[in-house]
Amino acid sequence: MSGFVFSEKPIGIERGEGATLYADDGTEYLDFGASYAVAAVGHCHPRVVDAVKSQAEDLLYVQASYPVEARTTLYEKLATVSPPGLDNVWLCNSGTEANEAAMKFARNATGREKIVATRRGFHGRTLGALAMTWKDKYKKPFEPLAGGIEFVTYGDGEELAEAVDEETAAVFLEPIQGEGGIHPAPPSYLKRARSVTRKAGAALVFDEIQTGVGRTGTLWACDRADVAPDILTTAKGVASGLPLGATVCADWIADADPEHGSTFSGGPVVCAAANATLDVVVEEDLPTHAADVGSYLMESIEAADLPVRDVRGEGLMIGVEVKRGSNRLLRDLALEEGILALPAGRTVLRLLPPLIVEEDHADRMVEALEAVL
Ligand SMILES: *Cc1c(COP(=O)(O)O)cnc(C)c1O
């Protein structure tokens, strides 16, 4: 008997603390992918662990129709930290579900069907969110997917303006494309997306599932461009590894009263984990820290004279485009250097370390790259 879908790596992990994972054979690994960007405040942050323990002793779960303090607090906290005008929170169990809800909410509020998404974009793997995801490899075997999706070239404001019309329910964008290879959008593109959607009466949705919670040097990547969407989705780092997604909406989306639901929506234990995580991010000003260490890391990689084609990103969301296959490189980094990272396509090494890493962790990463490249 075995699990399937995920191909397991030959490293059994037993324990985590901060940026480090400890394997069952005693080896230490620096987790430079933060396990899919989830360990944003580091593995097993004591404040998160305490909050989870204490909530578990009081109440593991109650249905979302009864108010419970951990959930009420999280609604308030997410509304407070989200871009202006986003005060209505829907909680679910993953990033994909947060986007799936955003599609439904936008269609419901506009009474329209068409959704504009971007080439190279990634929004999840259910039949709705997958339809907005670009890569054929993820989609082809499962068609037919949700209809009404039109793709435009990421970063091309003209093409976007032409695609958005009176039939458009929503435009979905990652402010920095993650899975697609770490491609930051210029602030002018996000501003253009804001103006064309407003003019057409369509919802602007920012998928901040990977870019959010401080990773790119601001709490949300769209803060850098000073653009607020109508719907923002988040997940990954927001609850330090307990499954939580959130769809945060403007009044006109929420007031249209979408019919939606989920058994596990906003369970108290995941909410307690998210409250503690957001407190750590805000109180320790981890976005600023991510900006500082991120610039240091990018500059160090550029200065190291490595055989790479490009280094790009913001804060601690960095893509290193290499001249060889990223899979082999990742294996060498793990087995020879004790560093775990992620791919983004075949030739991009994706670095998404916990936001608490320091310059000496960055130095170790650069030395490891020098050794394996
Ligand atoms: C990971 C990711 C998703 C999907 O989130 P899951 O929690 O895996 O369902 C969606 N959009 C972006 C940008 C992501 O990085």
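Predicted model: local features only at pLDDT ≥ 70, side-chain atom pairs only at ≥ 80, totals over all residues.
Glutamate 336 touches Arg331 and Val372, leaving aside its neighbours within four places in sequence. Arginine 215 lies 121 residues away from glutamate 336 along the chain. The C-alpha atoms of glutamate 336 and arginine 215 are 27 Å apart.

Now turn to the ligand. For threonine 96 the distance is 2.5 Å. For lysine 236 the distance is 2.7 Å. Phenylalanine 122 uses its backbone instead: a polar atom there is 3.3 Å from a ligand nitrogen. How much of the ligand does the protein bury? Taken alone, the ligand exposes 380 Å², and the protein buries 80% of that.

Compare this with the record. An unreviewed UniProt entry lists Gly95, Thr96, Phe122, Asp207, Glu208, Ile209, Gln210 and Thr263 under "binding site". These residues span 169 positions in sequence, and the farthest two C-alpha atoms are 25.7 Å apart, so the listed residues do not all gather at one spot. Of the listed residues, Ile209 and Gln210 are included in the lining of the largest cavity.

Take phenylalanine 122 from that list. It lies in the loop between β5 (114-118) and α5 (136-139). Beyond four places in sequence, phenylalanine 122 touches Thr133, Tyr138, Glu174, Glu179 and Asp207.

Histidine 123 comes from the loop between β5 and α5. At 2% relative accessibility, histidine 123 is buried. Its side chain makes a polar contact of 2.9 Å with the side chain of aspartate 207. Other contacts of histidine 123, outside four places in sequence, include Thr96, Asn99, Phe172 and Glu174.

Glutamate 208 is another residue on the UniProt list. It is found in the loop between β10 (203-207) and α8 (221-225). Is glutamate 208 buried or exposed? Its relative accessible area is 0%, so glutamate 208 is buried. Setting aside neighbours within four places in sequence, glutamate 208 contacts Pro175, Trp220, Ala221, Cys222, Leu232, Thr233 and Thr234.

The UniProt entry, again unreviewed, also gives a "binding site" annotation that covers Arg125 and Ser262. Ser262 is included in the lining of the second largest pocket. Arginine 125 is in the loop between β5 and α5. Outside four places in sequence, arginine 125 meets Thr96, Leu130 and Tyr138. Serine 262 belongs to the loop between α9 (251-254) and α10 (268-283). At 27% relative accessibility, serine 262 counts as partly exposed. Its contacts, with neighbours up to four places away left out, are Trp90, Asn93 and Glu97.

Last, look at the backbone. Most residues other than glycine have a negative phi, and most peptide bonds are trans. Where does this model have a cis peptide bond? One joins glutamate 143 and proline 144, with omega about 5°. Proline 144 is in the loop between α5 and β6 (149-152).

Two residues other than glycine carry a positive phi: alanine 34, near 50°, and cysteine 44, also near 50°. Alanine 34 is in helix α1, residues 34-37, while cysteine 44 is in the loop between α1 and α2 (46-58). Alanine 34 is buried, at 0% relative accessibility. Cysteine 44 is exposed, with a relative accessible area of 52%.

Note on methods. Residues numbered from 1 in each chain as written. Heavy atoms only, no water. UniProt positions renumbered as here; feature names shortened; annotations may be inferred. 1 Å grid on protein atoms, 1.4 Å probe; cavity = no way out; pocket = protein on both sides within 12 Å on 5 of 7 lines; lining within 4 Å. Helix = DSSP H or I, 4+ residues; strand = E, 2+ residues; numbered from the N terminus. Contact = heavy atoms within 4.5 Å. Buried < 20%, exposed > 50% of the residue type's maximum accessible area, 1.4 Å probe, protein only. Polar contact = N/O pair within 3.5 Å; in protein donor to acceptor, adjacent residues only side chain to side chain. Areas by Shrake-Rupley, 256 points an atom, 1.4 Å probe, with all protein chains shown as cover.
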